[in-house]
Amino acid sequence: MKKRSRARGRKKEKQALLFIVAGAIALAAMAAAAILSHVGQEDQAFTVEVVPAALSQEGEAGAALFKVNCQVCHGPNAAGTKLGPPLVHDIYNPGHHSDEAFYLAAATGVRQHHWPYGDMPAQPQVAREEVSQIIRYIRELQEANGIVYKAHSM
Ligand code: HEC
């Protein structure tokens, strides 16, 4: 009699252990799925098609500065990459992001708010006059791609 109940006890222990192991596996799978979906999100790139613009002299100067200082994240023709958003995008039309937003972005960086890329680090190596030229370049690209001033209602 005693032997039997001990055997039953052991069986219960085994069941409990199996239950715990199964639970742990399920948790690990959920954690892995969460991590994977997060990684997937970080890899997301919101690139756009950009028609190159006929640039003014100031725009040309800005293009060269953009290439050196901004392109690594914002991409060739400011079309975006996996590290930063396209600036030739309607949310950066001059009514929503004035030139001041560009001066601020270069001087102090940008807190993540529109995209899942994280913060933009400040670019203090770019002087204000140089940012002006970069702005000219971006605005000329925007215009060539039909992105024009729209009053921002907020
Ligand atoms: C290391 C990557 C990186 C570099 C280099 C970089 N940016 Fe950015 N930038 C970002 C990211 C990421 C955002 C988006 C932040 C958000 O809105 O979530 C951003 C946003 C911006 C914005 C929008 C600001 C706002 O108010 O929403 C402007 C303008 C901008 N960048 C201009 C520039 C210019 C000009 C340069 C070069 C001088 C530059 N960026 C270099 C990553 C970068």
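G80 lies in the loop between helix 3 and helix 4. Helices here are DSSP runs of H or I with at least four residues, strands are runs of E with at least two, and both are numbered from the N terminus. G80 is buried, with 23 other C-beta atoms within 10 Å. A residue counts as buried if 20 or more other C-beta atoms lie within 10 Å of its own, as exposed if 12 or fewer do, and as partly exposed in between, with C-beta atoms placed from the backbone.

This is a predicted model: local features need pLDDT of at least 70, side-chain atom pairs count only at pLDDT 80 or more, and totals for chains, interfaces and linings use all residues. Residues are numbered from 1 along each chain as its sequence is written.

What does G80 touch, leaving out residues up to four places away in sequence? The list is A45, F46, T47, V48, H74, G75, P85 and P86. Contact means that the C-beta atoms of two residues, placed from the backbone, lie within 7 Å. G80 and E49 are 31 residues apart in sequence, yet their C-alpha atoms are 9.4 Å apart in space.

N77 lies in the loop between helix 3 and helix 4. A78 lies in that loop too. N77 is not a glycine, but its phi is positive, about 60°. A78 is not a glycine either, and its phi is positive at about 55°.

| Residue | Other C-beta atoms within 10 Å | State |
|---|---|---|
| N77 | 24 | buried |
| A78 | 25 | buried |
| G80 | 23 | buried |

**The whole chain**

The protein has 5 helices and 0 strands. From the N terminus, the elements run α-α-α-α-α. Of its 154 residues, 25% count as buried. Take the contacts between residues at least 6 apart in sequence: 73% of them join residues at least 24 apart.

**Helix 2 and helix 5**

Two packed helices are described by the angle between their axes and the distance between the axes. Here the axes of helix 2 (residues 57-69) and helix 5 (residues 128-144) come within 7 Å and cross at roughly 105°. That makes helix 2 roughly perpendicular to helix 5. Axes are lines fitted to C-alpha atoms, for helices over the stretch in contact, and angles run from 0 to 180 degrees between N-to-C directions. Angles of 65 to 115 degrees count as roughly perpendicular, under 35 as roughly parallel, over 145 as roughly antiparallel, and the rest as oblique.

Which residues meet where helix 2 packs on helix 5? From helix 2 come E58, G59, A61, G62, A63, L65 and F66. From helix 5 come E130, Q133, I134, I135, R136, Y137 and E140. The residues of this contact divide into 7 nonpolar, 3 polar and 4 charged. Ala, Val, Leu, Ile, Met, Phe, Trp, Tyr, Cys and Pro count as nonpolar, Asp, Glu, Lys and Arg as charged, and the others, Gly among them, as polar.

In helix 2, the residues G59, G62, A63, L65 and F66 are buried. The buried residues of helix 2 pack against helix 3 and helix 5. Helix 5 has its own buried residues, among them V131, I138, R139 and L141. Their cover includes helix 2 and helix 4.

Both lengths agree with expectation. At 1.5 Å a residue, the 13 residues of helix 2 should span 18 Å, and its end C-alpha atoms are 19 Å apart. For helix 5, 17 residues should span 24 Å, and the end C-alpha atoms are 24 Å apart. The expected span is 1.5 Å times one less than the number of residues. After helix 5 comes G146, whose phi is positive, near 75°.

**The ligand shell**

The shell around the ligand has 25 residues, of which C70, C73, G84, H114 and M120 come nearest. Helix 3 (71-74) and helix 4 (99-108) each supply at least two residues of the shell. Helix 4 gives the largest share, 4 residues. By type, the shell divides into 16 nonpolar, 9 polar and no charged residues.

**A107 in helix 4**

A107 sits in helix 4. Is A107 buried or partly exposed? A107 is partly exposed, with 13 other C-beta atoms within 10 Å. Leaving out residues up to four places away in sequence, A107 touches A122 and P124. A107 and A127 are 20 residues apart along the chain, and 8.6 Å separates their C-alpha atoms.

Terms used. A residue is near a molecule or strand if its C-beta atom, placed from the backbone, lies within 6 Å of it.
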